[in-house]
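Please examine the structure before reading each solution.

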Amino acid sequence: MLALAALVAGGAAGLPVRATAQPRWRAQPFGLGVASGSPTSGSVVLWTRLLGALPDDGGAPIPVRWELAHDDAFRHIIRSGDTQALPALAHSVHVEVEGLAPDRWYHYRFTSGDAVSATGRTRTLPAPDAAPARLRLAHASCQRWEHGHYAAWRHMREEAPDFVAFLGDYIYEYPNVTAAVRSFPTLGWVRNLAEYRERYALHRSDPDLQAMHASCPWLVTWDDHEVQNDYAGAHAGDPFPLGMNGVADFAARRAAAYQAFYEHMPVRAAAFAQALAGRQPGGELRLYTHYRFGRLAEVLLLDTRQYRDAQACVQGRKLSGPVDPARCQAWNDPGRTLLGPAQEQWLDRRLEQGGATWTVVGQQTLFGRRDLRPGNGELLSNDGWDGYPAARTRITDALQRHQVANPVFLAGDVHENWVGHLKADYARPDSASLGVELCGTSITSKSRSVEFVAQRLAENPHFLFADAAHRGYGLTDYTPGRLTATLRVLDDATRRDARVSTLAQFAVEAGRRRLERL
């Protein structure tokens, strides 16, 4: 494990490797495309994975060359190097390119033997003290393969975002479904490393998803389905139906899922290498982080799965579900957490430091309270922020204590669009509005709540808009004086040629913390 950790760190740095014979490929090895992510003002991570007709010595490290240029013809190459695709990491490649200019676009590619990858486009963040005029951020989540095609990614690419924030459920661990839009008949339940790798490779084979990855850097986090439905920290998730989604050793399953996530995402190697080396307990793969877009915006990307306490007041065999908080003794336990103590403290420090006009918090699920029971009493989900009210209050208290001027919370998970205000006290509709929330719909994953949306919207007045009938993505455009949020939806996610339109659009003036529908 220590040797693998060293190789991970060395490969990510793009360090020179021992000369080896160039592979002779029998087919294109870059069939899963290229990607970039984890940008700073002077660095970015470049990713690919070799797959397909591996050379005869496919069990050995495979030499790969990477190039970064100012132009897509690669006439002006400014950085290049050699690394190795390690079989222990599924022949994935993570190169952390340093010494780049801030706020600049670049082109990159990989070669191995006589094989050349597609060309990707990436960029760096502005300098921390810069004053950018604008930022376009796309956000998306929940792309269950068998529920539809990825036309949303094709249309997002045409919107030309600067960055994509992916908020979780990149894969699902489920087998095929009845009446699947597109099937994977050879792939059943996903429980071990080989199966997680196979499921990621399936998703990465989609040309529209590949093209979006190649278009700009991604800021990525995860939710539950990258491991197991409804898992909570070290606690196994929902084993049903019929126990088929369970395993005897959940810790091993989680470790395999975390490794496969790293192998297929443009994230930095340091946290993963530390976990391998045993310097972090429990196989932690740290994803929560921040991205500073000069003085215009700061994105705080959270992880609400890896460190959370188990769900409270589980009823029946299913871990997640609606709960009457008045009948749940543990509901308001002040010690319960969704982020874990270390991440909560980190978030508090980031909110205190501030320094940007817009504070964008990207996290997995609906933040505002959503009462599912009409009339008197409450019925709340125990799996999201509603199930951890003390933890949510600690965040809203921090927003007020640190006087965060323009908070914007982005979310996914529920396969529905919900747009509303962050409240100082969700039990009091007249309490102060602290910021805005934009919970986005899914890329393909279906909603089962279409008929309940109008009723739930009326029951929760801090939300201004909701829709469960459409699949799609969100766009947020930031300037020093204004945020514009656009909900983009497909006419039919089951069609490859689905068309896109604007479902709704909202604006927030800097300093006002109020949504205005356009």
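**Exercise 1: The sheet**

In this predicted model, strand E18 (residues 417-423) and E20 pair in the antiparallel sense over 4 bridges. Determine which residue of E20 is the bridge partner of glycine 420, and which strands are the edge strands of the sheet.

Solution. 
1. The bridge partner of glycine 420 in E20 is phenylalanine 463.
2. The open sheet has 7 strands with mixed pairing, in the order E12-E13-E15-E17-E19-E18-E20.
3. Strand E12 (289-293) and strand E20 (463-467) each pair on one side only and are the edge strands.
4. On average, neighbouring strands of this sheet are turned by 20° against each other, direction ignored.

**Exercise 2: A helix on the sheet**

Identify the strands that helix H7 (residues 341-353) touches.

Solution. 
1. Helix H7 packs on the sheet and touches E12, strand E13 (297-301) and strand E15 (358-362).
2. The direction of H7 makes about 175° with that of E13.

**Exercise 3: Two packed helices**

Describe how H7 and helix H8 (residues 389-401) pack, and state which residues meet.

Solution. 
1. Two packed helices are described by the angle between their axes and the distance between the axes.
2. For H7 and H8 the angle is about 20°, and the axes are 9 Å apart.
3. Angles under 35 degrees count as roughly parallel; H7 is therefore roughly parallel to H8.
4. The crossing in which H7 passes H8 is right-handed.
5. From H7, Glu344, Leu347, Asp348 and Leu351 meet Ala391, Arg394, Ile395, Ala398, Leu399 and Arg401 in H8.
6. By class, this contact of H7 with H8 has 6 nonpolar, 4 charged and no polar residues.

Definitions and conventions:
Residues are numbered from 1 along each chain as its sequence is written. This is a predicted model: local features need pLDDT of at least 70, side-chain atom pairs count only at pLDDT 80 or more; totals for chains, interfaces and linings use all residues. Side-chain values use heavy atoms; hydrogens and water are left out. Two strands pair if DSSP finds at least two bridges between them. Axes are lines fitted to C-alpha atoms, for helices over the stretch in contact, and angles run from 0 to 180 degrees between N-to-C directions. Contact means heavy atoms within 4.5 Å. Angles under 35 degrees count as roughly parallel, over 145 as roughly antiparallel, 65 to 115 as roughly perpendicular and the rest as oblique. A crossing is left-handed if the near helix is turned anticlockwise from the far one by less than a right angle, and right-handed if clockwise. Ala, Val, Leu, Ile, Met, Phe, Trp, Tyr, Cys and Pro count as nonpolar, Asp, Glu, Lys and Arg as charged, and the others, Gly among them, as polar.
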